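Here are some notes to read alongside the model. Have a look at it, then go through the points below.

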Amino acid sequence: MTEARLLKLLEQAYGIKGKLHLLYSEKDKIYRLDSGKNNTSRYIIKQIHPTVNVKHLQLQHSLINSLSQAGVPYQLPQSLQTIDGDVILKSDDHYWVVQNHLDGVLMANATPIMPTTRNSIGRMLAGFQKVFTSKRYDADIYPSKWDNDQAGWLSEHLDLFERRRPLVERNFKAYLNVEHKISKLRKSICYNDANEHNIFLQFNREHEYLVSGCIDFGDAIFTSTINEVAIASAYAMMNVAAPLTAAGDIVEGFYEEFEILDDELELLFILIKTRLLVSLTHATINAQLHPDNEYLQISADSGWRLLEKLDKIHPNLAHYYFRSRCNKEPVASNKLFKSWAKVNQSKFYPLFGKEIHLSNSEVLDLSVGSKFLGSLEDVSNTAKFTAQAFELLDNLNKQFGIGRYDEIRLLYNAETFNVTTNDGPEWRTLHIGLDIFTKAYTPLYAPLDGEVVVSSHNMLPKDYGNVIVLKHHYEDECFFTLYGHLSNECTKNIRPGDFVTRGQQFARLGNYNENGDWVPHVHFQIILDILDSEENYIGVANPYERNLWLSLCPDPNIIVGIKGLEQRAYKILPTQHLIAIRKRILGTNLSISYAPYPLQILRGQGVYLFDHFAQTYLDMVNNVAHVGHENPSVVKAGQDQMAVLNTNTRYIHPTILDYADALLETLPDHLEVIYFTNSGSEANELALRMAKSHTGNEHIIVFEQGYHGNTQNCINVSSYKFDNSGGKGTPNNVSKLPLPDVFRGQFRGANAAHEYLQECKSILEKLQSKGTSIAGFIGESILSCGGQIVPPKDFYKDLYPQIHDYGGICIADEVQTGFGRVGQSFWSFQLFDVNPDIVTMGKPIGNGHPLGAVATTREIAKSFDNGMEYFNTFGGNPVSCAIGQSVLQYIQDHDLQKQAKTIGDILIRQLTELKERYPFIGDVRGSGLFLGIEIIQYPDIVPDAERAKYIVRRMRQNNILLSTDGPDHNVIKIKPPMLFNEDHINLFMVTLNKILVEDYLHQ
């Protein structure tokens, strides 16, 4: 039928008209009709082959009506009635069905597809099952070649596959082996086609795609209920890095709403692969019959890639994984094994020939937050770490050190521990064995009779080195024990097929030069299913799969038998549990970053932070850790001085003098006197006191949206606080200057500096006319909370003289922008060629240690010395000054100011290139490693806080930490530790580029 004839038919039969668009389909010819003013009404037109069984068309209509009547919360393709009241029209030897077009985005065109998206697909299908289980189905109304239960027909087409025939035959055989089990599964009507071309999505409040509806019930069929999950999973697994995880998202969502039975979970993985075989066989047949129909081949390539991936996954592992996603015991035999082992615990021979107990052993904390480990740099030096561990044991007169089972660790930083996921990088960090540390070459004895099934040497960094696995039988089952980090002689003397007897010495511990580069110890692990592994088996698992791996690998102490060890077990404290306690005992206005995905951070190192699962986050926002989190030089300086003396400044001590002198060397010559405080807030508080004392005046000039600390006087000069939620407005002794924002502020363009200065002059003249004299001005040279605002070049050069002319002094707040961060200069005020009367410092000055400072002129210091003693108990204490001096020395020794300029210039250039491609990036600004990206609603420059928040949240989900700031919370700020380098830029830019193409940002 021509399009003109079809349009006429639609107008005559349905009373609708518009413009037709041909869509892709496998069987039927499908059009979209855009109708109404501005195409506000859309319809789907299906031309159905005359050989179709009309009963099946009626069934589709019946299923959709049943779902609608049941009130399922999804959009469904309702059939439009003809003028005569029919929902199926026959014309020109074809059947025609007209349905409403759904709102939302077709899943095939949507990005990103997240776990929550796939989870919602599972929930939708479960909702359908609640309705379909009561529906009757006439089995002869639809052919069975898309039915997993009837996949035997594939045997007729194996000759179609040449190169891939072994792959197809292997997986088809797996289906045939369980066909008898499939026939016994519960049955129901299934939608049977939950693929990306049938599912529509819409955003939730967090701008994550969730299912809003689905179309095309043309493949609905009566089959095993679990096939609904299998088919949706097969499609969800396409083109993802971790297909099993994607299927797990579907399974979990389905199970939340509709129970999945044990026998169904057992066969799910095979049924997923069967669906792929069915689909790929159809595609191969159709490619020969219809070589010009691209739609028929639309998923063939990705289907083959997926089948090859799934072929490498052990079906038992998939089964256990799916059970874990349904909150079932992953390995059903786990309970039986534990019961047997508990009864027979006294029969196990000691691993080292003698009993291990807490009196001759010490539990070593190797967790992510361990204080025993110290610096990660120390741990990476195995010889040093070995000496440290055994020195501790010797001092405690203990023979053994115990490394705990089920402990989250940060020791596994080799690439072999990196996990490929669908939603960002992850690391295997969950220890699923028991470590026993003792001297190298200590003999090891078999706890019970066993057959050697693995004896190999693993060469990869931080692997087992030499490893032996024994197989043991109990009742009608078997289990395995693994012994890692052995000496070279072990794997030479014992081979697979050998037998060892209970109490037989069969191995010795290796030294770190042969055991995978570890402190001498045995990694002892129980394994209930070795998954046909012949060389290796992981001893460290993904912490997000904890239930799975603890079920597969039960606690080895059930064999070792260390009494009381369970009381020393590592406790994983859930983040939400800690948040509940925090809300109960801490102030409720203490904010939490990255809600609703808050982070529980337990360790830092360099430019990285590590959470309670030892997952790694690139920190691009923490300017407090100026020279890197837990910088070893800074930590040592503090530890060394703390071990000697920490007291107040009423005693004479050279450290404070040396440090003050070193700080003054970085400042202009007119700043000659230093005062030390405990924080940047205290520094600004003191600076304000000095200004008022020196001038005899109270009035302070500040910037709109400026921020200077959390004391009351600092709040009173911080528009960012007093003008926003909970604030009381501008205090009487404060006047605000307009924020000198040349991008979106009151004045823009080439003359902006002059216009802002005129505003400042007007404010000062108005004060003078009222007889109000000023104490001075306080401001950051680049305004951080204002949105990383860089004032016009000549602004401060003229502002400072204005303040001086009206009798005030100028305070440069360098709490966030000092110490080389801006790259071109050591202090940000130097970018503008001005000389402040007072400079305040905090945050980076102590690399996170509570320390602040005020530098001023001798004249101001003298006037402040008015008879009232200035005393700060810990301001300038020896420990703080030693730490501060170490920070300053590190900056200078490593030329971090120069690095900030080099890296900052690269970042600005690359971000500016992104600005040209993405119009919602309104501005890129800053200097060195103090940068801002302003996000706007284009084509206007209206601030877009939601887009900025989205980018920050998605970057955090990809393990990169940013935050937003500015009066409208639409500026993404970048101010990482100064160790930030080009490798970190590359990681940041790759991730950012991936996120900037996501749909929400382009609405």
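1. First, a term: a nonpolar core is a set of buried Ala, Val, Leu, Ile, Met, Phe, Trp, Tyr and Cys residues joined through side-chain atoms within 4.5 Å. Buried means under 20% relative accessible area, exposed means over 50%, and partly exposed is in between (1.4 Å probe, protein chains only). This is a predicted model, where local features need pLDDT of at least 70 and side-chain atom pairs count only at pLDDT 80 or more, while totals for chains, interfaces and linings use all residues. Residues are numbered from 1 along each chain as its sequence is written, and side-chain values use heavy atoms, with hydrogens and water left out.

2. Now the largest nonpolar core: it holds 143 residues, and Phe-128, Phe-217, Phe-322 and Phe-506 have the most contacts inside it. Helix α7 (residues 262-289) gives the largest share, twelve residues. Helices (H or I, at least four residues) and strands (E, at least two) are DSSP runs, numbered from the N terminus. There is also a second, separate core of 99 residues, with Met-620, Leu-664, Phe-826 and Phe-980 among its members.

3. What does Phe-217 contact, leaving aside its neighbours within four places in sequence? Its partners include His-56, Gln-60, Leu-63, Phe-128, Phe-132 and Tyr-191. Contact here means heavy atoms within 4.5 Å.

4. Next, a sheet. Three strands form an open sheet in the order β6-β8-β9, with antiparallel pairing. β6 (105-106) and β9 (209-214) are at the edges with a single partner strand each, so one side of each has no neighbour in the sheet. Two strands pair if DSSP finds at least two bridges between them; β6 and β8 (residues 199-203) have two, in the antiparallel sense. Val-105 has Leu-201 in β8 as its bridge partner. Helix α3 (residues 115-132) packs on this sheet, touching β8 and β9.

5. Some backbone spots deserve a look. Most residues other than glycine have a negative phi, and most peptide bonds are trans. In the loop between α16 and β26 sits Tyr-594, with a positive phi near 65°. Tyr-594 counts as buried because its relative accessibility is 17%. In that loop, too, is Pro-596, joined to Ala-595 by a cis peptide bond with omega about 5°.

6. Two more to check. Asp-517, in the loop between β23 (505-508) and β24 (521-527), has a positive phi near 70°. At 33% relative accessibility, Asp-517 counts as partly exposed. The Tyr-938 to Pro-939 peptide bond is cis, with omega near 5°, and Pro-939 lies in the loop between β37 (930-937) and β38 (942-943).

Key. Axes are lines fitted to C-alpha atoms, for helices over the stretch in contact, and angles run from 0 to 180 degrees between N-to-C directions.
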